Amino acid sequence: MSFKFRVLLFLATAPLFLWAQFAPQAGVLGTTAIVADSNVFVNWASGYTLNRSWQNMADTSLGKVTTGEEWSITGKAGNGVISLGDGGSITLTFPFPIRNGQGPDFAVFENGFKVNDSLAFLELAFVEVSTNGQRFVRFPASYIGSNIQLDAFTGADARNYHNLAGKYIFNYGTPFNLEELKDSTGIDIYNINFVRIIDVKGAVSELGSKDINGNYINDPWPTPFPSAGFDFDAVGVIYQKDGLALQETNGTEFTVYPNPAKLGSPISLSGFGLNQIKIHKSNGETFDDFQHQSEQLIFNQSGLFIIEVSSNNEKSKSFFKLIVTP
Ligand SMILES: [Ca+2]
Ligand SMILES: [Ca+2]
């Protein structure tokens, strides 16, 4: 290889090393942001445990954050946010487990906003997942920007952040791919029941949170307001374990189809008969507001239901969830 050619090759490849960056902000070519209305979302978080933290971790006299209404936590993005405070967290649950599929499997929404064409006010959070609610595994997060402390009034470049919720502005979800955790022990990436969002402590100092390379993650701080920290909007599910039902009893697979089903439309049973089931509402009350014909059910109400199936000899029972949409 000639010297000249080597120099040219170096010049051609150098920018890749000097400016190795992650995906850009929503609306920019190459972004991985997913708009809230996208039809890739098949479900949204339905339950939560909230653990709010300080308005300012360095001055706890201000107390904890208060902004947001808890009713807005579940359901679709865009119905309000709830602030987590410095290092605060929220753990979400879902109608069905999330499973690994092709590409991203769920997305997290926050309420960041653009401050100019290239920068946005962003508040970041780590994302962890769990199958059993005990062992949580964190997505490997990276920060590659400057160490000049961002504050409550400074925009940030989305290209500096990876695997951190809040990378994208309001109405755009940050995607997460369970495939990246396939070598983790103690979780089943095809059966994720919990997603935990943990505010990045933004200080670029010993109080702050670090990425997988040991670098402080630059996130606006201090933000000593009732709305400090990550402002959680929603978690949208892209792949879920549906058609659920596949619990075995005495070698028989029970299914209901379709699931989710539609109000007033027939639902077919297979593997069991009407005489083997009891239907409960999600609060456990018995539910009987449905019609039936041979092996088909027609629900007169929408909602989340639990179907209890007794095996023929009454020795074992299976339970599964059925969703009936309006
Ligand atoms: Ca995936
Ligand atoms: Ca923060």
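The legends below describe close-up views of a predicted model.

**Figure 1. Overall composition of the chain.** The predicted chain contains one helix and 26 strands. Of its 326 residues, 38% are buried.

**Figure 2. The largest nonpolar core.** This core comprises 60 residues, and Leu124, Ala125 and Ile197 have the most contacts inside it. Two or more residues are given to this core by each of strand 5 (89-93), strand 6 (106-109), strand 9 (125-130), strand 13 (172-176), strand 14 (194-199) and strand 16 (234-237). Another core, of 13 residues, lies apart from it; Val256, Leu297, Phe299 and Val309 are among its members.

**Figure 3. The surroundings of isoleucine 197.** Neighbours within four places in sequence are left aside in this view. Isoleucine 197 is then in contact with Ser89, Ile90, Val108, Ala125, Val127, Ala165, Phe230 and Phe232. Ala125 and Ile197 are both listed among the residues with the most contacts inside the largest nonpolar core.

**Figure 4. The pairing of strand 19 with strand 21.** Three bridges join strand 19 to strand 21 (residues 266-270) in the antiparallel sense. Threonine 255 has serine 270, in strand 21, as its bridge partner.

**Figure 5. The hairpin of strand 23 and strand 24.** Strand 23 pairs with strand 24 (residues 296-299) in the antiparallel sense over four bridges. Glutamine 293 has glutamine 296, in strand 24, as its bridge partner. Two residues lie between the strands of this hairpin, and serine 294 takes a positive phi near 40 degrees.

Figure 6. Threonine 60 is located in the loop between strand 3 (47-51) and strand 4 (82-83). Threonine 60 counts as exposed because it has 12 C-beta neighbours inside 10 Å, and a residue is exposed if that count is 12 or fewer. Although threonine 60 and proline 224 are 164 residues apart along the chain, their C-alpha atoms are separated by 9.7 Å.

Conventions
Residues numbered from 1 in each chain as written. Chains lettered and ligands numbered in written order. Predicted model: local features only at pLDDT ≥ 70, side-chain atom pairs only at ≥ 80, totals over all residues. Core = buried A, V, L, I, M, F, W, Y, C linked by C-beta atoms within 7 Å. Buried ≥ 20, exposed ≤ 12 C-beta atoms within 10 Å, placed from the backbone. Contact = placed C-beta atoms within 7 Å. Pairing = 2+ DSSP bridges.
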